[in-house]
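User: I would like to go through the terms used for this model and see what each one rests on.

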Amino acid sequence: MPEAQAGGAAADVAQVAGLAAVASASAGGQAAGVAPAGVAVGLAAAARLSGVGVSAGTASGPVVRMTVPAPLPPPHQVTDSAAELSSACQAITVLASDLNTRAARLSGEARDILEALAMIAEDPLLAEDIGRRTAAGTDAAHALTEAFDAQADLLREGGGYLAERAADLEDLRDRAAAIALGRPIPGIPDPGHPFVLAAADLAPADTANLNPDQVLAILTERGGPTSHTAILARGLGIPAIVAVTGVTAVADGTLVAVDGTTGTVTVGVEHAGDTVPRPRTRADLAALGPCHTADGHPVSLYLNIGALKDARPGAQGVGLLRTEFLFLGRKDAPSKTEQHDAYLELFNAFPEPGTRVVIRTLDAGADKPLPFLGLPAEENPALGVRGLRTARLRPEVLDDQLAAIASAAAQASCEVWTMAPMVATPGEAADFAARARAHGLEHVGAMIEIPAAALRAARLLAHLDFLSIGTNDLGQYTMAADRQDGRLPDLLDPWQPALLELIALAAEAGRAAGKPVGVCGEAAADPRLAPVLVGLGVTSLSMAAAAVPAVHAALSARTLARCRELAALARDAGDPAEARELVSRS
């Protein structure tokens, strides 16, 4: 069904899609924890589970499963509907306050997501539905549950990414009902010692507040390589595996060994190491120095950031500066002055003259709908008006943003490069380049997220100065698999040979034109895949700060010729599993 028919809360919930990397801690190495003694093992000792490794690294420690919300008590006879409504409204107020309090401790897209969740909880249409139910004699807890479930059902009927967002409403439902019943709010467990978190899936409200000093690794039964769980885990440097069938059957306290590189979980290991895991600290990027292969071929390693907090001293620059943080959850567009001030603050976080900061214009639509744009409802927004295409309907939004970027860039010491998302044709590239340069922006590029753009990369570069490959979207459009659909992790795997072929085409076009082609998608954070990407011809990789040390080490240990050999092996593989195996064995 069209998105607009999903109601206020159901429409706004799509803002929660795709939690961006929160680079608030650095990559962790081998982690160990000591489990409580005498706890039963839920699966056979030394059993092995497998899934999709989405955040590299190893860890071992005791499993602690995510608490499953207790079932509601039977409905009770309501004698005072006004009191029940008051109780339900109070639960919503407490829920929204809790989300906003947690959001205030964060920054970037993680903060935006929690604030969007709070807005959903306070949606007037949802409140009206709750009021109707309590007036009809339903108690507060069941009225809340039924109202949230009704909105979630509408999302499921919408299919695709909307259906995936139904889980976010279910999480809000469980939290609100718990508050109304006087129960603890569901959330990440706190056993008092470091642990491996096992869950069916993780909601944004939980993933945004993970403590990397306590959570040694993350194991989920659902999710895919581009899910918010995967992105956040990479940003925090926490080893993580998704799509692990049966992981929630492992008893609490069972010692497991997790390998986020291979996607394997060994259940019932004898010990989890001899030391308590040391706290993860921020990477000293300055100490790493510029990255180059073992034979001296330079590869720029940049940061993906969405807020000032994501910046890191010593970083080579920024390969993806997201601007959605200024637009999400608003009823009107931010002014040029407001945008100018926000961009300049971020640019000034990189004061070294000549440091490259690549800023992406507004990537709205599909999983990031913005009410103020007034875009029409679509049966399949992922294939409709999103990214640069929104300028077809609201060109003034793009022009105001370009003007604000240009004015801020004129006052900054760094070198600002500007790119557009969702460019499909050479004509779109030419139009964007002309708009950007008319505002005084010198370095203009585009995201390669659509197969057509990769196939025609040489034609795009006739108008542009650089390209940046967004592997998350390019993967979903190449494989016709919704990136939010955790049931298709193999199709969304960045090791898909077809995806690698398209990356190679874009990189070759850049080499022929003498123009840089980088990767800013989540694939860039994989230290096993980084040499393959460089071997395909990519000139830069952009990622969360936590991933930089491991990627730096992986590239420094290999020559460019070796990277090219690994790239050839991966391209010739039959599927992602074979690609990984061939590269790992070589």
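User: Which residues touch the most other members of the largest nonpolar core?

Analyst: Phe347, Val532 and Leu541 do, in a core of 94 residues. A nonpolar core is a set of buried Ala, Val, Leu, Ile, Met, Phe, Trp, Tyr and Cys residues joined through side-chain atoms within 4.5 Å; buried means under 20% relative accessible area, with a 1.4 Å probe and protein chains only. Helix 13 (residues 395-411) gives the largest share of this core, eight residues. Helices are DSSP runs of H or I with at least four residues, numbered from the N terminus. The model is predicted: local features need pLDDT of at least 70, side-chain atom pairs count only at pLDDT 80 or more, and totals for chains, interfaces and linings use all residues. Residues are numbered from 1 along each chain as its sequence is written, and side-chain values use heavy atoms, without hydrogens and water.

User: What is valine 532 in contact with, leaving aside its neighbours within four places in sequence?

Analyst: Trp495, Leu500, Cys563, Leu566, Ala567, Ala570 and Val583. Contact means heavy atoms within 4.5 Å.

User: Why are helix 17 and helix 18 called oblique to each other?

Analyst: The axes of helix 17 (residues 471-479) and helix 18 (residues 497-513) cross at roughly 120 degrees and come within 10 Å. Angles under 35 degrees count as roughly parallel, over 145 as roughly antiparallel, 65 to 115 as roughly perpendicular and the rest as oblique. Helix 17 and helix 18 are therefore oblique.

User: Which residues of helix 18 make the contact?

Analyst: Ala498, Leu499, Leu502 and Ile503.

Methods: Axes are lines fitted to C-alpha atoms, for helices over the stretch in contact, and angles run from 0 to 180 degrees between N-to-C directions. Helices (H or I, at least four residues) and strands (E, at least two) are DSSP runs, numbered from the N terminus. Buried means under 20% relative accessible area, exposed over 50%, partly exposed in between (1.4 Å probe, protein chains only).
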